[in-house]
Amino acid sequence: MLNILNNSWHNPIFWISLFLLGYFTTIVLWSVSQGKWFFSKEYKKGKYLNPIILFLLNIPAYIFPFINQPRFGLPTLAVLLIGILLLALGGAVKILAGRNKTAKSTLGIAVERKLFTRGIYGIIRHPIYLAVNLMPLSLAIIFKATYAVYFDAFRLIAYLTFIFLEENQLEKEFGEEHSEYKEKVKWRLIPYIF
């Protein structure tokens with residue numbers, strides 16, 4: 001039994017499965033809670049599920065670069081510079097998104113039930129999603145982890161589902177205010193790209 005568990009830790013399929021479990025659980029819980037994110041105060045079970053789901057969605061991406069896999073052959077200095085730059089950018093975006101005290105949120109919806117529009121939210125609409133995806137990608141690049149880079153690309157595509165679900169909910173909740181915000185801040189994740 002211990003041998004099976006030990007082999008699982010080094011198997012990319014194990015970590016992808018954990019992520020998919022968290023992803024599909026998030027989608028199901030979002031649907032069951034009738035459009036309210038299960039992390040919000042209105043969804044009481046969210047306080048118990050929040051750490052579990054966040055673990056399943058994020059930890060595999062941070063573990064993936066360290067498991068046995070093919071390593072790409074770019075020069076080490078270039079890889080280190082790109083990886084450290086992305087890591088610093090992801091950290092800075094996360095700090096800027098959380099710096100505004102009103103930015104205490106549950107997947108983009110403020111506890112005070114108001115829309116964030118200032119600071120980094122005045123440049124991109126979903127800075128936390130950007131940070132959450134940049135930081136593990138930077139580790140994958142630093143460690144030249146081929147599978148981890150592919151996994152991070154797949155993970156970013158999966159996170160786009162959350163962005164669209166969240167924007168739909170914000171549109172229902174904030175109506176015209178959210179429409180004006182989308183007109184003013186056109187970019188979801190990366191300015192001039194998406």
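Trainee: How many salt bridges does the structure hold?

Mentor: This predicted model holds four salt bridges.

Trainee: What makes Glu167 and Arg188 a salt bridge?

Mentor: Their side chains meet at 3.1 Å, N to O, and the cut-off is within 4 Å, so the pair qualifies. The two residues sit in distant parts of the chain, 21 residues apart: Glu167 belongs to helix 6, and Arg188 to the segment after helix 7. Both Glu167 and Arg188 are buried.

Trainee: Why does the pair Glu171 and Lys182 count as a salt bridge?

Mentor: Here the N to O distance is 3.6 Å, and because the limit is 4 Å, this pair passes too. Glu171 is in helix 6 and Lys182 in helix 7, so parts eleven residues apart in sequence are tied together.

Trainee: Why is Glu171 called partly exposed?

Mentor: Glu171 has a relative accessible area of 26%. Buried needs under 20% and exposed over 50%, so a value in between is partly exposed. Lys182, with 30%, is partly exposed as well.

Note on methods:
Residues are numbered from 1 along each chain as its sequence is written. This is a predicted model: local features need pLDDT of at least 70, side-chain atom pairs count only at pLDDT 80 or more; totals for chains, interfaces and linings use all residues. Side-chain values use heavy atoms; hydrogens and water are left out. Helices (H or I, at least four residues) and strands (E, at least two) are DSSP runs, numbered from the N terminus. Buried means under 20% relative accessible area, exposed over 50%, partly exposed in between (1.4 Å probe, protein chains only).
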